[in-house]
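Biologist: I would like to go through this structure with you. Please tell me what stands behind each label.

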Amino acid sequence: MSTLIEPEEHKDLRAAVAAFGTRYGRAYLTSVVAEGRYPTELWQEAAKLGYLGVNLPEEYGGGGGGIAELSIVLEELGAAGSPLLMLIVSPAICGTVIARFGTEEQKRAWLPALADGSRTMAFGITEPDAGSNSHRITTTARRDGDSGDWLLTGRKVFVSGVDIADATLIVGRTEDARTGSLKPCLFIVPRDAEGFSRRPIDMELHGAEKQFELVLDEVRLPAEALVGDEDAGLLQLFAGLNPERIMTAAFAIGMGRYALSRAIEYARDRTVWKAPIGAHQAIAHPLAQAHIDLELARLMMQKAAYLYDAGDDVGAGEAANMAKYAAGEACVKAVDQSVHTLGGNGLTREFGLATLITASRVARIAPVSREMILNYVSHQTLGLPKSY
(Lines give C-alpha, C1' and ligand atoms only; values in the text may rest on other atoms or scores of the structure.)
Protein backbone atom coordinates (compact mmCIF):
# COMPACT_ATOMS: atom_id res chain seq x y z
CA MET A 1 0.00 0.00 0.00
CA SER A 2 1.24 3.47 -0.82
CA THR A 3 0.80 4.50 2.82
CA LEU A 4 3.78 2.37 3.89
CA ILE A 5 6.39 4.42 2.04
CA GLU A 6 5.87 8.10 1.37
CA PRO A 7 6.07 9.16 -2.27
CA GLU A 8 8.78 11.65 -3.19
CA GLU A 9 6.34 14.57 -3.36
CA HIS A 10 5.31 13.92 0.22
CA LYS A 11 8.92 13.70 1.35
CA ASP A 12 9.62 17.00 -0.39
CA LEU A 13 6.60 18.64 1.23
CA ARG A 14 7.64 17.33 4.63
CA ALA A 15 11.16 18.69 4.21
CA ALA A 16 9.92 22.07 3.01
CA VAL A 17 7.47 22.51 5.89
CA ALA A 18 10.09 21.35 8.40
CA ALA A 19 12.50 24.00 7.10
CA PHE A 20 9.75 26.61 7.23
CA GLY A 21 8.83 25.59 10.76
CA THR A 22 12.33 26.22 12.08
CA ARG A 23 11.73 29.94 11.50
CA TYR A 24 8.62 29.81 13.69
CA GLY A 25 9.55 27.53 16.55
CA ARG A 26 8.37 27.07 20.10
CA ALA A 27 9.90 30.34 21.30
CA TYR A 28 7.97 32.30 18.68
CA LEU A 29 4.66 30.63 19.49
CA THR A 30 5.13 31.00 23.24
CA SER A 31 5.91 34.71 22.94
CA VAL A 32 2.90 35.35 20.71
CA VAL A 33 0.56 33.54 23.09
CA ALA A 34 2.03 35.45 26.04
CA GLU A 35 1.19 38.68 24.23
CA GLY A 36 -2.40 37.50 23.84
CA ARG A 37 -2.40 37.55 20.05
CA TYR A 38 -2.65 35.00 17.27
CA PRO A 39 0.48 33.92 15.31
CA THR A 40 -0.68 35.82 12.24
CA GLU A 41 2.79 35.99 10.69
CA LEU A 42 3.06 32.20 10.70
CA TRP A 43 -0.45 31.76 9.34
CA GLN A 44 -0.01 34.27 6.53
CA GLU A 45 3.37 33.00 5.40
CA ALA A 46 2.11 29.42 5.47
CA ALA A 47 -0.73 30.58 3.24
CA LYS A 48 1.64 32.27 0.78
CA LEU A 49 3.64 29.08 0.50
CA GLY A 50 0.48 27.15 -0.30
CA TYR A 51 0.42 25.10 2.89
CA LEU A 52 -2.99 26.19 4.23
CA GLY A 53 -4.88 25.17 1.12
CA VAL A 54 -2.81 22.18 0.08
CA ASN A 55 -5.89 19.92 0.45
CA LEU A 56 -8.33 22.17 -1.40
CA PRO A 57 -9.23 21.88 -5.12
CA GLU A 58 -6.92 23.64 -7.56
CA GLU A 59 -9.82 25.29 -9.38
CA TYR A 60 -10.58 27.20 -6.17
CA GLY A 61 -7.02 28.26 -5.39
CA GLY A 62 -5.91 25.19 -3.45
CA GLY A 63 -3.07 22.78 -3.98
CA GLY A 64 -5.22 19.94 -5.29
CA GLY A 65 -3.94 17.51 -2.67
CA GLY A 66 -5.81 15.88 0.17
CA ILE A 67 -5.85 15.32 3.90
CA ALA A 68 -2.63 13.31 3.51
CA GLU A 69 -0.79 16.46 2.44
CA LEU A 70 -2.43 18.72 5.00
CA SER A 71 -1.60 16.28 7.81
CA ILE A 72 2.07 16.50 6.81
CA VAL A 73 1.92 20.29 7.13
CA LEU A 74 0.43 20.16 10.62
CA GLU A 75 2.71 17.36 11.82
CA GLU A 76 5.87 19.14 10.71
CA LEU A 77 4.79 22.46 12.20
CA GLY A 78 4.11 20.59 15.43
CA ALA A 79 7.49 18.91 15.30
CA ALA A 80 9.02 22.39 14.95
CA GLY A 81 7.16 23.49 18.08
CA SER A 82 4.50 25.66 16.46
CA PRO A 83 1.37 23.63 15.66
CA LEU A 84 -1.77 25.52 14.64
CA LEU A 85 -5.11 24.15 15.79
CA MET A 86 -6.91 26.21 13.15
CA LEU A 87 -5.30 24.03 10.47
CA ILE A 88 -7.59 21.29 11.73
CA VAL A 89 -10.64 23.51 11.80
CA SER A 90 -10.50 25.88 8.84
CA PRO A 91 -9.09 23.99 5.81
CA ALA A 92 -9.50 20.40 7.07
CA ILE A 93 -13.06 20.41 8.45
CA CYS A 94 -14.74 23.45 6.97
CA GLY A 95 -12.81 23.51 3.70
CA THR A 96 -13.40 19.82 3.11
CA VAL A 97 -17.14 20.02 3.81
CA ILE A 98 -17.62 23.02 1.53
CA ALA A 99 -15.46 21.48 -1.22
CA ARG A 100 -17.48 18.25 -1.13
CA PHE A 101 -21.00 19.50 -0.50
CA GLY A 102 -21.12 23.27 -0.87
CA THR A 103 -22.88 25.11 -3.65
CA GLU A 104 -20.85 26.69 -6.41
CA GLU A 105 -21.44 30.07 -4.80
CA GLN A 106 -20.21 28.81 -1.41
CA LYS A 107 -17.11 27.28 -2.99
CA ARG A 108 -16.23 30.50 -4.80
CA ALA A 109 -16.85 32.59 -1.69
CA TRP A 110 -14.89 30.48 0.76
CA LEU A 111 -12.36 28.06 -0.72
CA PRO A 112 -9.94 30.56 -2.33
CA ALA A 113 -10.04 32.67 0.84
CA LEU A 114 -9.44 29.68 3.12
CA ALA A 115 -6.52 28.67 0.90
CA ASP A 116 -4.82 32.07 0.82
CA GLY A 117 -5.44 32.71 4.51
CA SER A 118 -7.50 35.85 4.00
CA ARG A 119 -10.50 34.22 5.70
CA THR A 120 -10.85 31.54 8.34
CA MET A 121 -13.77 29.49 9.56
CA ALA A 122 -14.46 27.93 12.97
CA PHE A 123 -16.49 24.78 13.61
CA GLY A 124 -19.16 24.38 16.28
CA ILE A 125 -20.60 20.99 17.20
CA THR A 126 -20.15 20.35 20.97
CA GLU A 127 -22.94 21.46 23.31
CA PRO A 128 -23.07 21.81 27.11
CA ASP A 129 -25.62 19.01 27.56
CA ALA A 130 -24.70 16.80 24.61
CA GLY A 131 -20.99 16.09 25.02
CA SER A 132 -20.03 12.98 23.08
CA ASN A 133 -23.66 12.18 22.29
CA SER A 134 -24.22 14.12 19.07
CA HIS A 135 -27.76 12.75 18.92
CA ARG A 136 -28.61 15.06 21.82
CA ILE A 137 -27.66 18.23 19.97
CA THR A 138 -30.41 20.76 20.61
CA THR A 139 -29.30 23.61 18.36
CA THR A 140 -32.21 23.72 15.94
CA ALA A 141 -32.94 25.46 12.68
CA ARG A 142 -36.42 26.20 11.44
CA ARG A 143 -37.67 27.80 8.26
CA ASP A 144 -39.37 31.16 8.16
CA GLY A 145 -42.34 30.32 5.98
CA ASP A 146 -42.61 33.85 4.62
CA SER A 147 -39.00 34.62 3.69
CA GLY A 148 -37.47 31.15 3.39
CA ASP A 149 -34.75 32.19 5.85
CA TRP A 150 -33.40 29.87 8.50
CA LEU A 151 -33.73 30.74 12.19
CA LEU A 152 -31.01 29.10 14.28
CA THR A 153 -31.21 28.78 18.08
CA GLY A 154 -28.93 26.97 20.51
CA ARG A 155 -25.60 26.90 22.35
CA LYS A 156 -22.15 25.55 21.59
CA VAL A 157 -19.05 25.13 23.78
CA PHE A 158 -15.33 24.57 23.22
CA VAL A 159 -15.33 26.21 19.82
CA SER A 160 -11.78 27.14 18.81
CA GLY A 161 -10.74 30.42 17.25
CA VAL A 162 -14.14 32.09 16.95
CA ASP A 163 -12.54 35.47 17.66
CA ILE A 164 -10.31 35.23 14.59
CA ALA A 165 -12.78 33.44 12.32
CA ASP A 166 -14.91 35.21 9.74
CA ALA A 167 -17.69 32.65 10.19
CA THR A 168 -18.48 29.47 12.08
CA LEU A 169 -19.75 26.26 10.52
CA ILE A 170 -22.49 25.31 12.97
CA VAL A 171 -23.96 21.83 13.33
CA GLY A 172 -27.68 22.23 13.90
CA ARG A 173 -30.73 20.05 13.46
CA THR A 174 -33.77 20.51 11.27
CA GLU A 175 -37.07 18.72 11.46
CA ASP A 176 -37.83 16.11 8.83
CA ALA A 177 -41.22 17.04 7.38
CA ARG A 178 -42.03 13.39 6.70
CA THR A 179 -41.10 11.83 10.04
CA GLY A 180 -40.94 14.75 12.46
CA SER A 181 -37.52 13.57 13.67
CA LEU A 182 -34.52 15.86 13.82
CA LYS A 183 -31.60 15.46 11.40
CA PRO A 184 -28.17 17.14 11.46
CA CYS A 185 -27.46 19.99 9.07
CA LEU A 186 -24.59 22.43 8.61
CA PHE A 187 -24.90 26.22 8.46
CA ILE A 188 -22.40 29.00 7.77
CA VAL A 189 -22.93 31.66 10.44
CA PRO A 190 -21.09 34.99 9.88
CA ARG A 191 -19.33 36.33 12.95
CA ASP A 192 -21.39 39.55 12.91
CA ALA A 193 -24.79 37.85 12.53
CA GLU A 194 -27.44 39.38 14.78
CA GLY A 195 -28.15 37.15 17.77
CA PHE A 196 -24.80 35.37 17.47
CA SER A 197 -22.67 35.99 20.57
CA ARG A 198 -19.56 34.47 22.09
CA ARG A 199 -17.97 34.24 25.52
CA PRO A 200 -14.37 33.13 26.12
CA ILE A 201 -13.91 30.04 28.29
CA ASP A 202 -11.25 30.48 30.96
CA MET A 203 -8.83 27.66 30.16
CA GLU A 204 -5.72 26.45 31.96
CA LEU A 205 -4.50 25.49 28.51
CA HIS A 206 -2.44 28.29 26.97
CA GLY A 207 -2.65 27.77 23.23
CA ALA A 208 -2.64 30.03 20.21
CA GLU A 209 -6.38 29.51 19.76
CA LYS A 210 -8.84 30.54 22.46
CA GLN A 211 -11.94 28.50 23.33
CA PHE A 212 -15.45 29.95 23.31
CA GLU A 213 -19.02 29.32 24.29
CA LEU A 214 -21.49 30.43 21.62
CA VAL A 215 -25.10 31.49 21.94
CA LEU A 216 -27.38 31.58 18.91
CA ASP A 217 -30.58 33.46 19.67
CA GLU A 218 -32.92 33.27 16.69
CA VAL A 219 -30.02 33.94 14.32
CA ARG A 220 -31.54 34.69 10.93
CA LEU A 221 -29.67 33.19 8.00
CA PRO A 222 -30.48 33.25 4.29
CA ALA A 223 -31.47 30.00 2.61
CA GLU A 224 -28.02 29.75 1.02
CA ALA A 225 -26.35 29.53 4.46
CA LEU A 226 -27.22 25.82 4.47
CA VAL A 227 -24.28 23.72 3.28
CA GLY A 228 -25.19 20.80 1.09
CA ASP A 229 -28.38 18.80 1.02
CA GLU A 230 -30.80 19.20 3.90
CA ASP A 231 -31.48 15.45 3.75
CA ALA A 232 -27.85 14.26 3.59
CA GLY A 233 -27.57 14.27 7.38
CA LEU A 234 -24.69 12.28 8.85
CA LEU A 235 -22.92 11.83 5.51
CA GLN A 236 -21.97 15.51 5.37
CA LEU A 237 -21.20 15.67 9.08
CA PHE A 238 -18.73 12.80 8.97
CA ALA A 239 -17.12 14.26 5.86
CA GLY A 240 -15.74 16.84 8.28
CA LEU A 241 -15.29 14.66 11.38
CA ASN A 242 -13.02 12.06 9.76
CA PRO A 243 -10.50 14.72 8.60
CA GLU A 244 -10.74 16.25 12.06
CA ARG A 245 -9.63 12.98 13.66
CA ILE A 246 -6.81 12.50 11.14
CA MET A 247 -5.57 16.03 11.64
CA THR A 248 -5.77 15.71 15.42
CA ALA A 249 -3.53 12.68 15.07
CA ALA A 250 -1.08 14.82 13.07
CA PHE A 251 -1.27 17.50 15.77
CA ALA A 252 -0.45 14.93 18.45
CA ILE A 253 2.34 13.23 16.53
CA GLY A 254 4.01 16.55 15.80
CA MET A 255 3.81 17.59 19.44
CA GLY A 256 5.20 14.24 20.58
CA ARG A 257 8.06 14.49 18.10
CA TYR A 258 8.93 17.98 19.31
CA ALA A 259 9.03 16.90 22.96
CA LEU A 260 11.04 13.80 22.11
CA SER A 261 13.61 15.79 20.13
CA ARG A 262 14.23 18.07 23.10
CA ALA A 263 14.64 15.08 25.41
CA ILE A 264 17.03 13.31 23.02
CA GLU A 265 19.18 16.42 22.70
CA TYR A 266 19.28 16.76 26.48
CA ALA A 267 20.07 13.07 27.04
CA ARG A 268 22.98 13.25 24.61
CA ASP A 269 24.57 16.25 26.32
CA ARG A 270 23.68 15.91 29.98
CA THR A 271 26.49 14.18 31.88
CA VAL A 272 26.08 13.50 35.58
CA TRP A 273 28.49 10.59 36.13
CA LYS A 274 31.01 9.49 33.51
CA ALA A 275 28.74 9.29 30.47
CA PRO A 276 25.76 11.18 29.04
CA ILE A 277 22.53 10.11 30.70
CA GLY A 278 21.28 8.87 27.32
CA ALA A 279 23.82 6.04 27.55
CA HIS A 280 21.80 4.53 30.40
CA GLN A 281 19.03 2.18 29.34
CA ALA A 282 16.67 3.54 31.98
CA ILE A 283 16.75 6.78 29.99
CA ALA A 284 17.30 5.45 26.48
CA HIS A 285 14.72 2.66 26.34
CA PRO A 286 11.65 4.75 27.29
CA LEU A 287 12.65 7.33 24.69
CA ALA A 288 13.05 4.57 22.10
CA GLN A 289 9.61 3.21 23.02
CA ALA A 290 8.10 6.69 22.66
CA HIS A 291 9.63 6.99 19.20
CA ILE A 292 8.24 3.60 18.18
CA ASP A 293 4.75 4.52 19.40
CA LEU A 294 4.81 7.79 17.45
CA GLU A 295 5.96 6.04 14.27
CA LEU A 296 3.21 3.42 14.59
CA ALA A 297 0.62 6.12 15.13
CA ARG A 298 1.85 7.91 12.01
CA LEU A 299 1.39 4.75 9.93
CA MET A 300 -2.25 4.51 11.00
CA MET A 301 -2.72 8.22 10.33
CA GLN A 302 -1.31 7.79 6.83
CA LYS A 303 -3.62 4.84 6.23
CA ALA A 304 -6.62 6.88 7.38
CA ALA A 305 -5.65 9.81 5.14
CA TYR A 306 -5.11 7.46 2.18
CA LEU A 307 -8.56 5.89 2.62
CA TYR A 308 -10.26 9.24 3.06
CA ASP A 309 -8.61 10.80 0.03
CA ALA A 310 -9.51 7.71 -1.98
CA GLY A 311 -13.19 8.28 -1.15
CA ASP A 312 -13.61 5.36 1.24
CA ASP A 313 -15.55 7.14 3.99
CA VAL A 314 -16.43 3.92 5.85
CA GLY A 315 -12.88 2.60 5.90
CA ALA A 316 -11.55 6.03 6.75
CA GLY A 317 -13.93 6.28 9.71
CA GLU A 318 -12.42 3.26 11.43
CA ALA A 319 -8.83 4.17 10.55
CA ALA A 320 -9.25 7.83 11.53
CA ASN A 321 -10.55 6.86 14.96
CA MET A 322 -7.73 4.38 15.45
CA ALA A 323 -5.15 6.94 14.31
CA LYS A 324 -6.47 9.57 16.67
CA TYR A 325 -6.47 7.09 19.57
CA ALA A 326 -2.94 5.84 18.87
CA ALA A 327 -1.53 9.33 18.34
CA GLY A 328 -3.14 10.71 21.49
CA GLU A 329 -1.70 7.93 23.62
CA ALA A 330 1.72 8.19 21.98
CA CYS A 331 1.81 11.96 22.42
CA VAL A 332 0.98 11.88 26.13
CA LYS A 333 3.61 9.21 26.76
CA ALA A 334 6.26 11.02 24.70
CA VAL A 335 5.68 14.32 26.49
CA ASP A 336 5.63 12.68 29.91
CA GLN A 337 8.86 10.77 29.25
CA SER A 338 10.53 13.83 27.77
CA VAL A 339 9.73 15.96 30.81
CA HIS A 340 10.87 13.14 33.08
CA THR A 341 14.17 12.83 31.17
CA LEU A 342 14.95 16.47 31.91
CA GLY A 343 13.94 16.17 35.55
CA GLY A 344 13.50 19.58 37.13
CA ASN A 345 14.64 21.24 33.93
CA GLY A 346 11.63 19.74 32.22
CA LEU A 347 9.42 22.08 34.24
CA THR A 348 11.32 25.28 33.43
CA ARG A 349 10.41 27.85 30.82
CA GLU A 350 13.89 27.53 29.32
CA PHE A 351 13.20 24.12 27.83
CA GLY A 352 9.56 24.76 26.86
CA LEU A 353 8.18 21.32 27.72
CA ALA A 354 6.07 21.95 30.81
CA THR A 355 3.16 23.55 28.94
CA LEU A 356 2.98 20.47 26.73
CA ILE A 357 1.90 18.39 29.74
CA THR A 358 -1.49 20.09 29.56
CA ALA A 359 -1.53 20.49 25.78
CA SER A 360 -0.84 16.81 25.15
CA ARG A 361 -4.06 15.88 26.96
CA VAL A 362 -6.03 17.62 24.23
CA ALA A 363 -5.31 14.77 21.83
CA ARG A 364 -6.81 12.30 24.30
CA ILE A 365 -9.89 14.36 24.99
CA ALA A 366 -10.75 16.15 21.74
CA PRO A 367 -12.47 15.98 19.35
CA VAL A 368 -13.67 12.67 20.77
CA SER A 369 -12.49 10.89 23.89
CA ARG A 370 -10.48 7.69 23.74
CA GLU A 371 -13.33 5.88 25.48
CA MET A 372 -15.74 6.82 22.68
CA ILE A 373 -13.20 5.57 20.15
CA LEU A 374 -13.02 2.26 22.00
CA ASN A 375 -16.82 2.18 21.85
CA TYR A 376 -16.68 2.77 18.10
CA VAL A 377 -14.16 0.00 17.52
CA SER A 378 -15.91 -2.48 19.79
CA HIS A 379 -19.30 -1.84 18.15
CA GLN A 380 -18.44 -1.11 14.53
CA THR A 381 -15.36 -3.27 14.05
CA LEU A 382 -15.79 -6.11 16.51
CA GLY A 383 -19.58 -6.26 16.33
CA LEU A 384 -20.05 -6.26 20.10
CA PRO A 385 -23.35 -5.04 21.56
CA LYS A 386 -23.76 -1.48 22.83
CA SER A 387 -24.05 -0.70 26.51
CA TYR A 388 -25.96 2.52 25.81
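Predicted model: local features only at pLDDT ≥ 70, side-chain atom pairs only at ≥ 80, totals over all residues.

Modeller: Residues are numbered from 1 along each chain as its sequence is written, and side-chain values use heavy atoms, with hydrogens and water left out.

Biologist: Why is Gln-211 called buried?

Modeller: Buried means under 20% relative accessible area, exposed over 50%, partly exposed in between (1.4 Å probe, protein chains only). Gln-211 has 12% relative accessibility, so the residue counts as buried.

Biologist: What makes the link between Gln-211 and Ser-160 a polar contact?

Modeller: A polar contact is a pair of N or O atoms within 3.5 Å; within protein, one must be able to donate a hydrogen and the other to accept it, and residues adjacent in sequence count only if both atoms are side-chain atoms. The side chains of Gln-211 and Ser-160 make such a contact at 2.9 Å. Gln-211 also touches other residues (heavy atoms within 4.5 Å), including Leu-85, Phe-158 and Met-203.

Biologist: How do you know that strands E2 and E3 pair?

Modeller: Strands (E, at least two residues) and helices (H or I, at least four) are DSSP runs, numbered from the N terminus. Two strands pair if DSSP finds at least two bridges between them. E2 (residues 140–143) and E3 (residues 150–160) have four bridges, in the antiparallel sense. In one of them, Ala-141 is partnered with Leu-152 of E3.

Biologist: What makes Glu-75 and Arg-14 a salt bridge?

Modeller: The term needs a side-chain nitrogen of Lys or Arg within 4 Å of a carboxyl oxygen of Asp or Glu. For Glu-75 and Arg-14, the closest N and O atoms are 3.2 Å apart. Glu-75 is buried, at 0% relative accessible area.

Biologist: Which salt bridge does Glu-76 form?

Modeller: Glu-76 meets Arg-257 at 2.7 Å, N to O. Glu-76 lies in helix H4 and Arg-257 in helix H7 (residues 234–269), so this pair ties together parts 181 residues apart in sequence.

Biologist: Is Arg-257 buried or partly exposed?

Modeller: Arg-257 has 25% relative accessibility, so the label is partly exposed. Glu-76, at 4%, is buried.

Biologist: How many salt bridges are there in the whole structure?

Modeller: The search finds 24.

Note on methods. Lists of a residue's contacts leave out its neighbours within four places in sequence.
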